[in-house]
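Colleague: I am new to this structure and would like to learn how to read it, feature by feature. Could you take me through it slowly?

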Amino acid sequence: MKTSQISFLKSAVHTIKDYPKPGILFRDVTGILDDAEAFQLTIELLADKFKDQGFTKIVGTEARGFLFGAPLAIKMGLGFVPVRKPGKLPRDTFAQDYQLEYGSDVLEIHVDALTENDKVLIIDDLLATGGTIEATSKLIRRLGAETTDAAFVISLPDLGGEKRLKELGLNVTALLAYEGE
């Protein structure tokens with residue numbers, strides 16, 4: 001990725017002080033979404049990175065992972081599988097609890113969403129502590145599918161998520177990285 005592309009995408013990300021609580025610098029990707037050129041570049045960069053690697057499905061985590069995962073799935077000609085909060089998926093599900101930066105939660109996936117023949121790319125907007133993606137990878141593996149990679153628009157490496165996911169055997173790709181919280 002070129003320095004000019006990184007600068008362009010960073011210029012579309014808004015930094016909000018003290019959100020959702022004092023001391024947090026929230027990196028808001030919605031600026032990328034509302035800029036057609038930035039949004040398209042984001043999808044193209046991710047598609048270029050992961051083309052021809054044998055992926056059969058993309059899994060996106062609620063909610064902003066849907067916003068990047070679904071268009072990426074279309075671009076790559078793959079199916080998209082949502083991982084959602086409890087009670088949002090209509091068919092039978094498996095659930096996985098996890099810790100996140102501001103508390104705890106649960107994620108669910110349809111029990112028939114993936115098979116042992118699937119190789120899955122996980123997509124989310126931002127990597128902080130890695131709890132959401134750890135739970136997502138556990139759900140994917142519980143269904144028998146393979147997952148080797150997780151990609152993000154933004155990573156906050158100082159919060160430990162990259163290290164945590166690498167320890168789970170996931171390759172981590174982030175288009176942008178910001179130091180600190």
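Colleague: To begin with the rings, how many aromatic pairs does the count come to?

Modeller: A word on the source: this is a predicted model, in which local features need pLDDT of at least 70, side-chain atom pairs count only at pLDDT 80 or more, and totals for chains, interfaces and linings use all residues. Residues are numbered from 1 along each chain as its sequence is written, and side-chain values use heavy atoms, with hydrogens and water left out. Rings of Phe, Tyr and Trp (its six-membered ring) pair if their centres lie within 6.5 Å; planes under 30 degrees apart count as stacked, over 60 as edge-to-face and the rest as tilted. By this rule there are four aromatic pairs. One of them joins tyrosine 19 and phenylalanine 26, edge-to-face, at 5.1 Å centre to centre and with 80° between the planes.

Colleague: Is tyrosine 19 buried, partly exposed or exposed, and which of these is phenylalanine 26?

Modeller: Buried means under 20% relative accessible area, exposed over 50%, and partly exposed in between (1.4 Å probe, protein chains only). Tyrosine 19 is partly exposed because its relative accessibility is 46%, whereas phenylalanine 26, at 18%, counts as buried. In another pair, the rings of phenylalanine 66 and phenylalanine 80 have centres 6.0 Å apart and planes at 85°, so this pair is edge-to-face. It links distant parts of the chain, with phenylalanine 66 in helix α4 and phenylalanine 80 in strand β4, 14 residues apart.

Colleague: How should I read the strands, and in what order do the five strands of the open sheet lie?

Modeller: Helices (H or I, at least four residues) and strands (E, at least two) are DSSP runs, numbered from the N terminus, and two strands pair if DSSP finds at least two bridges between them. Here the order is β4-β3-β7-β8-β9, with parallel pairing. The edge strands, each pairing on one side only, are β4 (79–83) and β9 (171–177).

Colleague: Why is β3 said to be largely enclosed by the rest of the structure?

Modeller: Four of the five residues of β3 are buried, so the strand is largely enclosed. From β3 the chain crosses through α4 to β4, and this β-α-β crossover is right-handed (with the strands pointing away from the viewer, the path from the first strand over the helix to the second runs clockwise).
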